[in-house]
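Visitor: I'd like a quick tour of this one, please. Could you show me the model before we talk?

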Amino acid sequence: MSLLTVKNLTKSYKKDKLAVNEVSFQLNKGECLGLVGESGCGKSTLARCLLRIEPVDSGSIILDNVAVERLNENQLQPYRRKIQIVLQNPAAALNPKLKIKDSLIDAYSQYQKDLELVHFSYTSREAFVKQLMEAVELPSSLANQYPHELSGGQRQRVTIARAISIEPELIVLDEPTASLDVISQGAVLGLLTGLRKNLNLSYLFISHDLAAVHQMSQRIIVMKDGKLVDQFSNDQLFADERHPYTKNLIDIF
Ligand code: ADP
Ligand code: MG
């Protein structure tokens, strides 16, 4: 079943250069869809358009059967709850002045009135924070610390905890492990896969790293210069009919 349908999505920052050029794809409920392509091909722009952080020029974004590309800020409120993003740099994503527990409660407080949590329960602030810390496999004691006291991997787990705290339908993961060392990368990717299954989440997993995308995803889409050039199920990555550009990416990894 399709959760997200993107049709002919187009976005330019400057005249004559399209950062995202007529991109169309579907993302099914429960799946991890991988989006791969080299730096500058438009992946983050696409992500920001989906989150409605960036206005689109044309095309449509349909989530749960609702066209959201032109909704105003008021109309967007229920949508904002359904889609969350995890970015490359967790240090920038967390407020340095807030203790981890206060950052964790932040997203929840914003959407509280519309939320019906299924996997977590909000009996008290402390209990909620503890459930989230456990879900991302961090010791609860870290909740009383500040972001700069945590490692990069721990900070990324906190941003993931914050994203799942409101039980969204879809999480856009924009190079979530690019700033981490190889060991933390593997651990965070493993954690994300477990969370997707346990919490019934869907992911758009964005990376320039084809190996990571291959490890994480059921289906893969490939972008080049703003355009979608290839899409296939993960087990067809090495098939003959792959686009020459995809084959080129395989040669590199
Ligand atoms: P990726 O995430 O794949 O590296 P981006 O979406 O960040 O690609 O960038 C796509 C293109 O859009 C690049 O040419 C980039 O320079 C340009 N771009 C990205 N963000 C902006 C912006 N805020 N203003 C102007 N140009 C931008
Ligand atoms: Mg990017």
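Visitor: Which residue has a side-chain N or O atom 2.8 Å from an oxygen atom of ligand 1?

Guide: First, the ground rules: this is a predicted model, where local features need pLDDT of at least 70, side-chain atom pairs count only at pLDDT 80 or more, and totals for chains, interfaces and linings use all residues. Residues are numbered from 1 along each chain as its sequence is written, chains are lettered from A and ligands numbered from 1 in the order written, and side-chain values use heavy atoms, with hydrogens and water left out. A polar contact here is a pair of N or O atoms within 3.5 Å. The side chain that sits 2.8 Å from a ligand 1 oxygen belongs to Lys 43.

Visitor: What is the distance from the backbone of Gly 40 to an oxygen atom of ligand 1?

Guide: Arg 48 uses its side chain, with an N or O atom 3.3 Å from a nitrogen atom of ligand 1. Gly 40 uses a backbone N or O atom instead, and its distance to a ligand oxygen is 2.6 Å.

Visitor: Which element gives the largest share of the shell around ligand 1?

Guide: Strand 2 (17–28) and helix 1 (43–50) each supply at least two shell residues; helices (H or I, at least four residues) and strands (E, at least two) are DSSP runs numbered from the N terminus. The largest share, four residues, comes from helix 1.

Visitor: How much space lies in the largest pocket?

Guide: A pocket is an open set of points on a 1 Å grid over the protein atoms alone, where a 1.4 Å probe fits, with protein on both sides within 12 Å along at least five of seven lines; lining residues have an atom within 4 Å of a point. Volume means the space filled by probe spheres set on the points, which are joined across faces, edges and corners. The space comes to about 400 Å³.

Visitor: Which residues lie closest to its centre?

Guide: Helix 4 (100–111) is one of the elements supplying at least two lining residues. Of the 16 lining residues, the closest to the centre are Leu 51, Gln 84, Ile 85, Tyr 111 and Arg 162.

Visitor: How many helices and strands does the chain have?

Guide: The C-alpha atoms fill a box of roughly 50 × 40 × 35 Å along the principal axes. The secondary structure in there comes to nine helices and ten strands.

Definitions and conventions. A polar contact is a pair of N or O atoms within 3.5 Å; within protein, one must be able to donate a hydrogen and the other to accept it, and residues adjacent in sequence count only if both atoms are side-chain atoms.
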